[in-house]
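Please read its points with the model in view.

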Amino acid sequence: MAELYNGHVMGKSVIYRILDANLDRAREGLRIIEEWCRFGLNNPDLTEECKRLRQELAQWHTAEIRAARNTPDDPGTQLTHEREEYRGTIHQLLQANLCRVEEALRVLEEYGKLEDRQMGRVCKQMRYRVYTLESQLMAYGRHQQLLEAQLYLVTSPMPELLEVVEAALQGGLKLIQYRDKNTEDGERFALAQSLRQLCDRYGALFLINDRVDLALAVDADGVHLGQQDLPIAVARELLGPQKIIGRSTTNPEEMKRAIAEGADYVGVGPVFATPTKPNKAAAGHEYVRYAAQHCPIPWFAIGGIDVNNFNEVLESGANRIAVVRAIMEAEQPTLVTQYFLSQLVRMETMKAIQNTQVGRG
Ligand SMILES: Cc1ncc(COP(=O)(O)OP(=O)(O)O)c(N)n1
Ligand SMILES: Cc1ncsc1CCOP(=O)(O)O
Ligand SMILES: [Mg+2]
């Protein structure tokens, strides 16, 4: 059937070319996402969902639609955007391809309706499934990254904030919390935005202390809440299931409650008294030992930890630590970060070797 559109005769082949290009685009994007779910995340459920979507799309890619392909005459093959050639991190790569699949499905939905109403309906459902896949994938990646993070930098306000944080990121830091109690909101928002971008560039998680609203405003990876801050359930309601929520704890009761309330990780401390939190008594090594024995979720020893006393904290059983001054006030933040990370990895390796020996013996 040929239809007149704006004085041009528009044959079926035009619709078929659009369907062909977008079926390819959606399947290619899904394949790229699937490879990460499979090899990067080792996640069978997400891998399976990508595969199912690809296969369902393949059923619509009929011989007739394929036959309409005319790549040499396609003016679009020469057009690339600078942003298409740049993928700084896995996160950006995934985001770009999810976007590509969602756009392609939207095109298939609209043009598919001209061909077969069922195709329009099916592609709409698939687009919603891709949105769900996107939330699950981002949440999974974020939580995996939290599990892997052993060093956590909590910032303190200072004129060179961005430079110091970048130096720590260059040392391999992957988890940052923006903590700033007194700056006014406008400036706090601008700083949080700059830190968010910096963390994106280095593939690091970015959390905000205390303020759920600020976390939402800059699309942070989550928040850190103390005992006097918002209840976890309220923050979860506002942030959704994909974001990270951490809770400060000073004793086993607070730890148990934080876990029951759905915290993703807990702060354990202050291990030592610290001028950064002057009115808070030290919880000491005993609480670190308790956490090592009983805490089923990621936990970070915090409070007064520096390069000199850090090994003691590891010996009490910590394998993740959070610091403010040790990095923020270091002369060489990159080197201090590298030192902490290398020691944490060394400790982890020693524990793994000991566990294999116990297993064998
Ligand atoms: C990782 C981590 N642990 C504990 C805290 C302290 O939180 P809170 O008790 O709410 O005190 P403030 O930081 O808000 O003064 C933290 N920020 N991060
Ligand atoms: C925010 C916070 N919560 C418990 S101790 C602490 C401050 C840790 O700061 P520092 O690493 O400078 O001792
Ligand atoms: Mg707080």
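1. Strand E8 (residues 265-268) and strand E9 (residues 299-302) run parallel and are joined by three bridges; strands pair if DSSP finds at least two bridges between them. Gly267 has Phe300 as its bridge partner in E9. Strands (E, at least two residues) and helices (H or I, at least four) are DSSP runs numbered from the N terminus.

2. This is a predicted model, in which local features need pLDDT of at least 70, side-chain atom pairs count only at pLDDT 80 or more, and totals for chains, interfaces and linings use all residues. Residues are numbered from 1 along each chain as its sequence is written, and side-chain values use heavy atoms, with hydrogens and water left out.

3. Eight strands, in the order E3-E4-E5-E6-E7-E8-E9-E10, close into a barrel with parallel pairing. From one strand to the next, the twist averages 25°.

4. Helix H4 (residues 90-115) packs with helix H5 (residues 117-148) at an angle of about 165°, and their axes are 7 Å apart. H4 is therefore roughly antiparallel to H5 (angles over 145 degrees count as such; they run from 0 to 180 degrees between N-to-C directions, and axes are lines fitted to C-alpha atoms, for helices over the stretch in contact).

5. Tyr339 lies in helix H14 (residues 333-360).

Methods: Chains are lettered from A and ligands numbered from 1 in the order in which they are written. Angles under 35 degrees count as roughly parallel, over 145 as roughly antiparallel, 65 to 115 as roughly perpendicular and the rest as oblique.
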